[in-house]
Amino acid sequence: MAHRSLLIILSLIFIITTISSSSSSMAEADSSVPEHVSAPASVHIVYTDRPQHEELEVYHLRTLSSVLGSEEAAKGALLYTYKHAACGFSAKLTPKQVEELSKLPGVLQVVKDGTMKLHDSPAKLHTF
């Protein structure tokens, strides 16, 4: 039982660290692109509130279409709807769309998708 609790705690710490690193990386990357240059869309994970009286995918499509301009565009950009461990979706978004989506009510966080390494080499491991 204690082993399972420790595993859950370590997993949560890893997720929070990954989200924090991704958020700061995204902010640095977005600030380096001049506004007049149209940046390409990349995959982002959008964490949202869980709707009370609406189907999850319908809510996510409505949220996304409010930024992209149409339900058809939202369906084209939507990649996956997260239902279990977190509430949200992944979609291909430009930096401008990320900025607009981040301001919407019910949107908790928008994080650029990416692969993270826990450690680069055994020499960087720290013991406590």
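Buried means under 20% relative accessible area, exposed over 50%, and partly exposed in between (1.4 Å probe, protein chains only). This is a predicted model, in which local features need pLDDT of at least 70, side-chain atom pairs count only at pLDDT 80 or more, and totals for chains, interfaces and linings use all residues. Residues are numbered from 1 along each chain as its sequence is written, and side-chain values use heavy atoms, with hydrogens and water left out.

**View A. The open sheet holds four strands in the order E2-E3-E1-E4.** Its pairing is antiparallel. Helices (H or I, at least four residues) and strands (E, at least two) are DSSP runs, numbered from the N terminus. Two strands pair if DSSP finds at least two bridges between them. Strand E2 (78-82) and strand E4 (107-112) are the edges; each has a single partner strand, so one side of each lacks a neighbour in the sheet. From one strand to the next, the twist averages 25 degrees. Axes are lines fitted to C-alpha atoms, for helices over the stretch in contact, and angles run from 0 to 180 degrees between N-to-C directions.

**View B. Strand E1 (residues 42-48) pairs with strand E3 (residues 88-93).** Six bridges link E1 and E3 in the antiparallel sense. Ser42 stands opposite Leu93 in E3. Val43 faces Lys92 in E3 as its opposite residue. His44 has Ala91 in E3 as its bridge partner. E3 is mostly covered, with five of its six residues buried. In a regular strand the side chains alternate between the two faces of the sheet.

**View C. E1 also pairs with E4.** The two strands run antiparallel and are joined by five bridges. Ile45 stands opposite Val111 in E4.

**View D. A hairpin connects E2 to E3.** Five residues make the link. E2 and E3 pair in the antiparallel sense, over four bridges. Leu78 stands opposite Ala91 in E3.

**View E. Helix H2 (residues 56-68) packs on the sheet.** Helix H2 touches E1, E2, E3 and E4; contact means heavy atoms within 4.5 Å. The direction of H2 makes about 140 degrees with that of E2.

**View F. Helix H4 (residues 95-102) lies across E1, E3 and E4.** Helix H4 runs at about 145 degrees to E3.
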